[in-house]
Amino acid sequence: MNEAIMTSIKRIRNFINFSKSFFIRKNPFKMLVEGIVNSLKDMFSVRQKLKMAQYRVNYHKHQLMKMESLIAENNEHTFLKGKNLNETR
């Protein structure tokens, strides 16, 4: 019986040492605090990210409209271009 108690105490000590080394290595409380801080930063910067996304969308729309107008100007099959060609003949 004495040996069973001693082995149980050794196992408990080993478990406590493993737990202690895990907390030293990983530190889950620190990771939890960092996660909360990062989520708060994201939450407070959502409006700025939304504005940047809207700016990018508007910029790409503008670029697309410019490209479409350039293609329309250089296309021989558009209505106005064909009319100009017919007038010059």
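Student: Which residues form a nonpolar patch on the surface?
Tutor: Leu-32, Ile-36, Leu-40, Met-43 and Phe-44 do, and together they have about 550 Å² of accessible area. Patch members need over 30% relative accessible area and no salt bridge; nonpolar side chains (Val, Leu, Ile, Met, Phe, Trp, Tyr) are joined within 5 Å, like charges within 9 Å. Areas are Shrake-Rupley values with a 1.4 Å probe, and for residues only the protein chains shown count as cover.

Student: What kind of model is this?
Tutor: This is a predicted model, where local features need pLDDT of at least 70 and side-chain atom pairs count only at pLDDT 80 or more, while totals for chains, interfaces and linings use all residues. Residues are numbered from 1 along each chain as its sequence is written, and side-chain values use heavy atoms, without hydrogens and water.

Student: Back to Phe-44. Where is Phe-44 found?
Tutor: In helix H2, which covers residues 28-44. Helices are DSSP runs of H or I with at least four residues, strands are E runs of at least two, and both are numbered from the N terminus.

Student: Buried or exposed, Phe-44?
Tutor: Phe-44 is exposed, at a relative accessible area of 68%. The classes are buried under 20%, exposed over 50% and partly exposed in between, with a 1.4 Å probe and protein chains only.

Student: How many aromatic pairs does a search of the whole structure find?
Tutor: The search finds 2. Phe-22 and Phe-23 are edge-to-face, 5.8 Å centre to centre with 75 degrees between the planes. Phe-23 also pairs with Phe-29: the ring centres are 5.9 Å apart and the planes lie at 15 degrees, so this pair is stacked. Rings of Phe, Tyr and Trp (its six-membered ring) pair with centres within 6.5 Å; planes under 30 degrees apart are stacked, over 60 edge-to-face, the rest tilted.

Student: What do the ring pairs link into a cluster?
Tutor: Phe-22, Phe-23 and Phe-29. Phe-22 is partly exposed at 37%, Phe-23 is partly exposed at 39%, and Phe-29 is exposed at 57%.

Student: Changing topic. Which side chains meet in a salt bridge?
Tutor: Those of Asp-42 and Lys-49, at 3.4 Å from N to O. The structure holds 1 salt bridge, meaning a Lys or Arg side-chain nitrogen within 4 Å of an Asp or Glu carboxyl oxygen. Asp-42 is partly exposed at 42%, and Lys-49 is partly exposed at 46%.

Student: And the backbone. Which residue follows H1?
Tutor: Asn-27, with a positive phi near 50 degrees. Most residues other than glycine have a negative phi. Asn-27 sits in the loop between helix H1 (2-26) and H2, and it is partly exposed, at 29% relative accessible area.

Student: What should the 25 residues of H1 span?
Tutor: H1 should span 36 Å, and its end C-alpha atoms are 36 Å apart, which agrees. The expected span is 1.5 Å times one less than the number of residues.

Student: How many helices and strands are in the chain?
Tutor: There are 4 helices and 0 strands, giving the pattern α-α-α-α along the sequence. The chain has 89 residues, of which 2% count as buried. Its accessible surface is about 9,000 Å², with 63% of that belonging to carbon and sulfur atoms.

Student: Which element of the chain has the lowest mean pLDDT?
Tutor: Helix H4 (residues 79-88), at 54, whereas H2 has the highest, 93. The chain mean is 86, and 83% of the residues reach 70 or more. pLDDT is the predictor's confidence in each residue, from 0 to 100.
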